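Let's take a walk through a protein model together.

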Amino acid sequence: MSEIHFNKEEGSQIKLFTPGPVYIPERILTEMAKPNDTHRSKPYAEMHQLVEEGLKKLLFTSNICLISTSSATGLMEACVRNLVKKDEKALFFSIGAFGDRWYKIGVSNGKVAVKEGVEWGKPITPEFAQEALNKDKYAVVFIQSNETSTGVYNPINEVIPVIKDSGALVCVDATSSMAGIKIEVDKLNIDVCLASVQKAFTVPPGLALCSISEAAIEKTSQVKNRGLYFDFLDLVKRSEKHQTPTTPPIPQIRALAAQLDYILNHEGLEKRFERHEQLGKRTRMWARDINFEMFPEKGYESNTVSTMKNSLEIDIGKMVSTLLGKGYRIVNGYGDLKNKTFRIGHMGEVTVKDLESMLKILTDIVSDLRLNQ
Ligand SMILES: Cc1ncc(COP(=O)(O)O)c(C=O)c1O
């Protein structure tokens, strides 16, 4: 097993069908191995600027796009620290583990945090959002687009206008869908839209990014005790020079520049979104044919990660480990959903053909497990 996990010559040989980190193609690894100038040099600034411009296109925005030397959780914390004043209330919509995490970040930073959640597997609907917003006055609202634990995609195109009508700023965690599922930041007037790069962007972990609106920047200037590492004003100021305040993982930024060029100019945005739609549909078809029920409520299934109920009552741990022995990694359910559900990630550079090959092997494994039950 260690041969395929930790192969000293070639690295891991496992084919990842995970909700991140994802499989990284050779062309990106090669890009990352190239030498770089320092993060205060002109060549670096040019590379950083390419990323900023690519992100604006990807997110359909003219807002400033920031690069953070952290994973997505760092930027989730940044939103809380920079945008919520001491005497204001923040509303956290939660449909799963990452919604709960954002709420916990609110609480642990001493903010007045309110959580409005639904049963896992369900989305936040515009009606639910409206009802929650009617209860109080909220300065900032936090919501996931794609909830990676449940495989639910919130109907953000309908929910965000409801939030904006309340006068609140809105922060969207698009970590497990950005670069795989279309999100139109300016059309929806999203104040902060964030993600990390180890998922649909297909870059190794170590970097996060977000768009930030004028209104969010203005609000930040009114908030005290924002901390140092994730101060939006500092990040914005540095981004004017196409730099980060602290030393960034430069190889990741080089890889992201190359990957954005690939996404925008080679595959094409619309084609990329369509491919993810096909990957989602194909996985749901497989689940239906084999009698695994989808965990999300119908109509809200994600196109980057599929969560299936263990409706065949098989040993999920054994299914995952047997598949791993054949060189493919899928994952068990998240947290309390372990063994009750399992997840297949289909984001990044995965093709429908790659997915078919894995599903064929998985089908045989499930049949064997059922026979031996
Ligand atoms: C929806 C969502 N939000 C936030 C995170 C946290 O991201 P990171 O591990 O990059 O901090 C994840 C990670 O899986 C996620 O799926």
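Before we look for open spaces, we need a word for them: a pocket is an open set of grid points with protein on both sides within 12 Å along at least five of seven lines. Keep in mind, too, that this is a predicted model.

How much space lies in the largest pocket? It's about 350 Å³. Sort the pocket's lining by class and you get 7 nonpolar, 3 polar and 3 charged residues.

While you're around here, check out the loop between E1 and H2, where Pro21 sits. The peptide bond leading from Gly20 to Pro21 is cis, and its omega is near -5 degrees.

Now zoom out to the whole chain. The domain assignment gives domain 1 as 2-24 + 269-371, and domain 2 as 35-265. Between the C-alpha centres of these two domains there are 27 Å. Where the domains touch, domain 1 puts in 27 residues and domain 2 puts in 37.

Next stop: a pair of helices. H11 covers residues 250-267 and H12 covers residues 269-290, and their axes come within 6 Å, crossing at roughly 95 degrees. Are they roughly parallel or roughly perpendicular to each other? Angles of 65 to 115 degrees count as roughly perpendicular, so that is how H11 and H12 are placed. By class, their contact has 4 nonpolar, 1 polar and 4 charged residues. On the H11 side you'll find Gln259, Tyr262, Ile263, Leu264 and Glu267, and they meet Leu269, Lys271, Arg272 and Arg275 in H12.

Searching the whole structure turns up 1 cavity of 30 Å³ or more. The volume of the largest cavity is about 50 Å³. Its lining is made of Ile67, Ser68 and Thr69, together with Tyr229, Phe230, Leu235, Thr244, Pro245 and Thr246. Which classes show up in that lining? There are 5 nonpolar and 4 polar residues, and no charged ones.

One last detail before you close the viewer. Find the loop between strand E9 (192-196) and strand E10 (208-212), which is the place of Thr202. This residue isn't a glycine, yet its phi has a positive value, near 65 degrees.

How values were computed: Residues numbered from 1 in each chain as written. Predicted model: local features only at pLDDT ≥ 70, side-chain atom pairs only at ≥ 80, totals over all residues. Heavy atoms only, no water. 1 Å grid on protein atoms, 1.4 Å probe; cavity = no way out; pocket = protein on both sides within 12 Å on 5 of 7 lines; lining within 4 Å. Points joined across faces, edges and corners; volume = space filled by probe spheres on them. Nonpolar A, V, L, I, M, F, W, Y, C, P; charged D, E, K, R; others polar. Axes fitted to C-alpha atoms, helices over the stretch in contact; angles between N-to-C directions. Helix = DSSP H or I, 4+ residues; strand = E, 2+ residues; numbered from the N terminus. Parallel < 35°, antiparallel > 145°, perpendicular 65-115°, else oblique. Contact = heavy atoms within 4.5 Å. Domains from an automatic or database assignment.
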